[in-house]
Amino acid sequence: MNTNVNPGANVNYANQPQSAPIISVKDWLVTLLILIIPVVNLIMLFVWAFGGGANPSKSNYAKAALIWMAIGFVLYLIVGVLFIGLIGSSIK
């Protein structure tokens, strides 16, 4: 049995997805500047994460940032409830 196979011989590169353009340092600086603004940052993270028109690396960054925000918010709620319970039990 002849198994001489040329690995790239029959590959159709026309159907391969195009790689996304690299985000420049200037673009990242503008992105981080936008993320400094309190309410705008949350809105823009949702737009970049789920809007569909953003660069895939920026979209992945926005999704990761939203996940970390959700984890922080849940931890904040847990600590807040425990603190309020501690204060409430010490008052009685």
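1. Basis. This is a predicted model, in which local features need pLDDT of at least 70, side-chain atom pairs count only at pLDDT 80 or more, and totals for chains, interfaces and linings use all residues. Residues are numbered from 1 along each chain as its sequence is written, and side-chain values use heavy atoms, with hydrogens and water left out.

2. Fold. The chain has three helices and zero strands. Its elements run α-α-α from the N terminus on. Helices (H or I, at least four residues) and strands (E, at least two) are DSSP runs, numbered from the N terminus.

3. Burial and surface. Of the 92 residues in the chain, 14% are buried. Buried means under 20% relative accessible area, exposed over 50%, and partly exposed in between (1.4 Å probe, protein chains only). The chain's accessible surface is about 7,800 Å² (Shrake-Rupley method, 1.4 Å probe). Carbon and sulfur atoms hold 71% of that surface.

4. Contacts. Take the contacts in the chain with a separation of 6 or more: 41% come from residues 24 or more positions apart. Contact means heavy atoms within 4.5 Å.

5. Helix α2. This helix spans residues 38–50, with Asn-41, Leu-45, Trp-48 and Ala-49 buried. These buried residues line one face of α2, because they fall within an arc of 95° seen down its axis. The arc is taken over directions from the helix axis to the C-beta atoms. Val-39 and Phe-50, on the other side of α2, are exposed.

6. Just after α2, Gly-52 has a positive phi of about 95°.
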